[in-house]
Amino acid sequence: MPLNSYSVGRDLSLDITGPNGPLSFSQITGFSSKPDITDQKIKGLDGITRHLRFPDGWSGSFDIERQNSTLDDYWSQLEANYYAGLNELPVTITETIQEVNGSVSQYRYLQVLLTIDDAGSYKGDASVHQKLRFVAARRVKVS
C-alpha cells in the first residue's frame, strides 16, 4: 500500500520465470531498472544539432539476502549448460506495482539474461548479500 501518496519499495513485487519455471531468489531487498538507449547526433548544414534516439533494451539489478541456494543452483546450471554446448534460454521478469491511487500497473521484461555480480561474502555475524544484474530486450506494459 502506498505511503503518504508516494510509491515506496514495498509497493513492488517481482515474478521471475526461468525456462524451467519460477525462480524464487531468497529475500529481494532492492530492485532497479532503466531503459538503455543509443542516441545519434546529426549536425545539419544549418549548424543546428539534432538528435535521434533508439531504444536499446533495459538493464537493472537485484539486491538479494541469501536464504537458499536458488541463485547458486541457477548459475551452476547455466555453466553446466554452457560447457555442454547448450544454448542459454532467457528468463522473464514481471514487475507489479501497487499505485498510490489503488490501481495496479504491471510490466514485463522480455528476453532477460541474468548475471551474478556478487555471489556473496560469508562472515560470522552478517547475512550473505548477493547482487544480480540483468539485461532485457524489451519492457512491455501488461496491465
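Helices (H or I, at least four residues) and strands (E, at least two) are taken as DSSP runs and numbered from the N terminus. The structure described here is a predicted model, in which local features need pLDDT of at least 70 and side-chain atom pairs count only at pLDDT 80 or more, while totals for chains, interfaces and linings use all residues. Residues are numbered from 1 along each chain as its sequence is written, and side-chain values use heavy atoms, with hydrogens and water left out.

The place of Gln111 is in strand S6, and the phi angle of Gln111 is near 55°, a positive value in a residue other than glycine. Gln111 counts as exposed because its relative accessibility is 52%.

A pair of aromatic rings is described by the distance of the centres and the angle of the planes. Rings of Phe, Tyr and Trp (its six-membered ring) are paired if their centres lie within 6.5 Å, and planes under 30 degrees apart count as stacked, over 60 as edge-to-face and the rest as tilted. A search of the whole structure on this basis finds 8 aromatic pairs. In one of them the ring centres of Phe62 and Phe134 are 5.8 Å apart and the planes stand at 50°, so this pair is tilted. Phe62 belongs to strand S4 (residues 49–65) and Phe134 to strand S7 (residues 129–136), so that the pair links distant parts of the chain, 72 residues apart. Phe62 counts as buried because its relative accessibility is 0%, and Phe134 likewise counts as buried, at 2%. The rings of Tyr82 and Tyr83, with centres 5.0 Å apart and planes at 85°, form an edge-to-face pair, and both of these tyrosines are exposed. Ring pairs also link Phe31, Trp58, Phe62, Tyr109 and Phe134 into a cluster.

A nonpolar core is a set of buried Ala, Val, Leu, Ile, Met, Phe, Trp, Tyr and Cys residues joined through side-chain atoms within 4.5 Å. The largest such core has 19 residues, and those with the most contacts inside it are Phe25, Phe62, Ile93, Val112, Leu114, Leu132 and Phe134. At least two residues of this core come from each of strand S1 (12–18), S4, helix H1 (70–83), strand S5 (91–98), strand S6 (104–118) and S7, and S6 gives the most, with 4 residues. With contact taken as heavy atoms within 4.5 Å, and not counting residues up to four places away in sequence, Ile93 touches Leu14, Asp15, Ile16, Phe62, Tyr107, Arg108, Tyr109, Val112 and Phe134.

Leu52, which lies in strand S4, counts as partly exposed because its relative accessibility is 37%. When its neighbours within four places in sequence are left aside, Leu52 is in contact with Thr38, Asp39, Gln40 and Ile42. Leu52 and Thr94 are 42 residues apart in sequence, and their C-alpha atoms are 29 Å apart in space.

Terms used:
Buried means under 20% relative accessible area, exposed over 50%, partly exposed in between (1.4 Å probe, protein chains only).
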